[in-house]
Amino acid sequence: MTDLDTFRTDTRAWLEANCPPEMRQPIRSEADICWGGRNWTFKSDAQRQWLEAMAGRGWTVAHWPKDYGGGGLSPAEAIVLKEEMKRIGARSPLMSFGISMLGPALLKFGTEEQKKHYLPQIARGEIRWCQGYSEPGAGSDLAGLQTKAEDKGDHWLINGQKVWTSYADKADWIFCLVRTSTESKQGGISFLLFDMATPGVSTKPILLISGSSPFCETFFDDVKVPKDQIVGDVNRGWDVAKYLLGHEREMISELGLGGGGSLGAATKPQDPLLRAEIAAFDVDALAFAAMSERFAAMWKAGEAHPASPSMMKYAGTELNKRRNELAIAAGGSEALEWESERSKNGKPVREWLRSKGNSIEGGTSEIQLNIVAKHILGLPGA
Amino acid sequence: MTLLTDDQKMLQETAASFLADEGTPAKQLRHWRDTECDDGFGHALWKQFGELGLTGIAIPEDQGGLGLGATEAALVLEEIGRNLTPSPFLTTGIVAAKAIAGTAHADRWYPPILSGEAVLAVAIDESPRHAPEQTVLEAKRQGNGFVLNGSKQFVVQGASADMIVTAARTSGSSGERSGLTLFAVPRGAAEVENVHLADSSWAARLAFANVELDADAVIGEVDDGWVRLTAGLDAGRAGAAAELVGVAAGASKMTFDYLKQRKQFGKLIGEFQAIQHRAAHLHGEIEIARAAALKAAQLIDSGDERAELYVSVAKAKAADVASLAVREGVQMHGGIGMTDEHDIGLYMKREAVLGELFGDVYYHRNRVAELNGY
């Protein structure tokens, strides 16, 4: 037996013993997801046990170094763990922007002290993070952001406003882009970390067309932030921001997988014209799934172009919007019910409406295409 | 999905440099077209394929071949597509070689295939649209052998072939998968009409009028040819998908280069966002099609039960994307793209023929739907 076979056998046995049956049920709704954080209320004992067991081994972030709360697994071992979890239908123990976005940026740009302090908290689900990027006047033109951070000697003084801050009202800390210089657009941005409980921080949820409120407006009114809570150098935050966006886009692109099943198998379309469209969609979805697999392997091996998450994000989100369009069409009038039990509280129609944001959040499709044109194709003036 | 191994990368480089030197439109496609050669490809180049071992890519090692898989074939075919190289590689080297594998016909034909001397063809279609289940070419037992009546069409390189692997019905009726038998039909047995296609390739229409064959012309089992036929066809479909990815990549490379050269309104046309977004979209689609083609090939090689599904995904997606690549290619080239002098139009014609071969986009979308139970 190879070491990897041994690892698989051991992992299978450990998961069998430690993953509670309830945590092997498919996620039915947002309410089943564990986000962690200071104010988190576990939905069940099983949810708490599962997070504690996984975090205890560093397996919420299996590929991070052990020193920072990770599992220290090799890429091959991390894949085995993923496969074994999938085999028994185990839920992800923790959903976290700390894991998917801030963590990779800290691993690359953080100081040793910052890594030792922040990463283990993320790994254990103790601190829930939110992302302060967009502003009312800085959407696609993100580098035009105006939220100001003044150097007051022993602290930064923050004033301004963010928007589209995911779960700002539930988050403990924020990673935030601020303007520390007006001399240069991209070269005047810094990347700060601070506690959302700091005086002067306030949030207001935004009601979406889907009826849910995953985003907030976030206001900073004379917020004092300790000087050492900056990641990377002053005025060099754009490098950190872009790197983090790559990870965010990679994560968002997974929406294209849509849970993995065939839309046609799920909807059994009878109308021949709809069947034809759904078959065309299933071809595209399966082809994208192959791309997603190939991209992940290339990304890990360092063979992927640094701008390729933009290509993936564009393809995955446009695909997810199309999936929802066709699902609504296949469901007919019943798919338009907003509150009935039959429709699981309007799941199809709400997901359809929510999916429209996929090609806006994390950078619009148009911005992703600009990036591909410029950085991958090398087209002039892009 | 696994990334390419070092050996696979080496094979890819060998094929790429060989075909970029010897397989270009100027040396092959245009040359054979403009000299009115009714093979449409060069026998000398096929022998060079043989010298490099490429004619035996799918032939087992103990029979003198390289014994490689669909993945390696896909790597070579992507380069063939990129250079629009006309050759018997796909039909002789992949489909026919697979269809006769493990039979006495392999002993007979593998040696001249290995040396690049023999050309084999496969005769499946009997109507303008691919539908192997609907084979009605009749093969009736007579004495010790069979007598064949009916017709075939779109038999790629059929008039150049030394032997044609032919699907015929020995029992049952149109639409049934059982009752099909593969025959090795020697050159001259059927009446041949050599048909020139849009991409300057040649495909035959065959007429069988009481064509008598010995019992040993049967490839595999009588009435039980479906599995063997599908194995050959699926290898061919995965290969055609890879070749289409090459067509798309070659056409788009030519187009993206043009966007960086052509000026209008005092600007390079690649500076216009109306062009940039379409180019970026196309790039992503080609990457996705390549991933699908590689996935299908890898699943064939590992004997995975999802191979059939992914072969159809790959063929449908690659044809779709290659079609987009050639349409955008001609449009973005403007007037020059409409001229025979420029190669971009050759890509458009090749895509059309290759997209049709072994089932078009609609055939394979339908197969994906059926395999998913709807």
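User: Into which domains is chain A divided?

Analyst: This is a predicted model, and in it chain A is divided into domain 1 (3–123), domain 2 (129–235) and domain 3 (239–376). These bounds come from an automatic or database domain assignment.

User: How do you know that domain 1 of chain A touches domain 3 of chain A, and what makes up the contact?

Analyst: The C-alpha centres of domain 1 of chain A and domain 3 of chain A lie 24 Å apart, but contact is judged residue by residue, with C-beta atoms that must lie within 7 Å. Seven residues from domain 1 of chain A and seven residues from domain 3 of chain A take part in the contact. On the side of domain 1 of chain A, the largest share, six residues, comes from helix α4 (residues 97–109) of chain A, and this side divides into five nonpolar residues, one polar and one charged.

User: What makes strand β5 (residues 189–195) of chain A mostly covered?

Analyst: Of the seven residues of β5(A), six are buried, and a residue is called buried if 20 or more other C-beta atoms lie within 10 Å of its own.

User: How do you know which strands pair with β5(A)?

Analyst: Pairing asks for at least two bridges between two strands. Strand β4 (residues 173–179) of chain A is joined to β5(A) by seven bridges, and the two run antiparallel, with Cys176(A) standing opposite Leu192(A). Strand β8 (residues 230–231) of chain A is joined to β5(A) by two bridges, again in an antiparallel arrangement, and here Leu192(A) stands opposite Ile230(A).

User: Which parts of chain B touch chain A?

Analyst: In the contact between the chains, 34 residues of chain B meet 36 residues of chain A. Helices α7 (226–259), α8 (273–301), α9 (307–333) and α11 (361–371) of chain B each supply at least two residues of the side of chain B that touches chain A, and α8(B) gives the most, with 14 residues. By class, that side of chain B has 18 nonpolar, 10 polar and six charged residues.

User: Why are α8(A) and α9(B) called roughly perpendicular?

Analyst: The axes of helix α8 (residues 272–300) of chain A and α9(B) come within 9 Å and cross at roughly 105°. Angles of 65 to 115 degrees count as roughly perpendicular, and therefore α8(A) and α9(B) are described in this way. The contact is made by Val283(A), Asp284(A), Leu286(A) and Ala287(A) of α8(A), together with Tyr310(B), Val313(B), Ala316(B) and Lys317(B) of α9(B); by class, these residues divide into six nonpolar, no polar and two charged.

User: Why does Ala322(B) count as buried?

Analyst: Ala322(B), which is found in helix α9 of chain B, has 32 C-beta neighbours inside 10 Å. The cut-off for a buried residue is 20 or more, so Ala322(B) counts as buried. Setting aside residues up to four places away in sequence, Ala322(B) touches Leu244(B), Val247(B), Ala248(B), Glu351(B) and Gly355(B). Ala322(B) and Ala352(B) are 30 residues apart in sequence, yet 9.0 Å apart in space, C-alpha to C-alpha.

User: What makes up the contact of domain 2 of chain B with domain 3 of chain B?

Analyst: Chain B is divided into domain 1 (6–118), domain 2 (122–223) and domain 3 (227–371). The C-alpha centres of domain 2 of chain B and domain 3 of chain B lie 30 Å apart, and the contact takes 13 residues from domain 2 of chain B and 13 residues from domain 3 of chain B.

Conventions
Residues numbered from 1 in each chain as written. Chains lettered and ligands numbered in written order. Predicted model: local features only at pLDDT ≥ 70, side-chain atom pairs only at ≥ 80, totals over all residues. Contact = placed C-beta atoms within 7 Å. Helix = DSSP H or I, 4+ residues; strand = E, 2+ residues; numbered from the N terminus. Nonpolar A, V, L, I, M, F, W, Y, C, P; charged D, E, K, R; others polar. Axes fitted to C-alpha atoms, helices over the stretch in contact; angles between N-to-C directions. Parallel < 35°, antiparallel > 145°, perpendicular 65-115°, else oblique. Buried ≥ 20, exposed ≤ 12 C-beta atoms within 10 Å, placed from the backbone.
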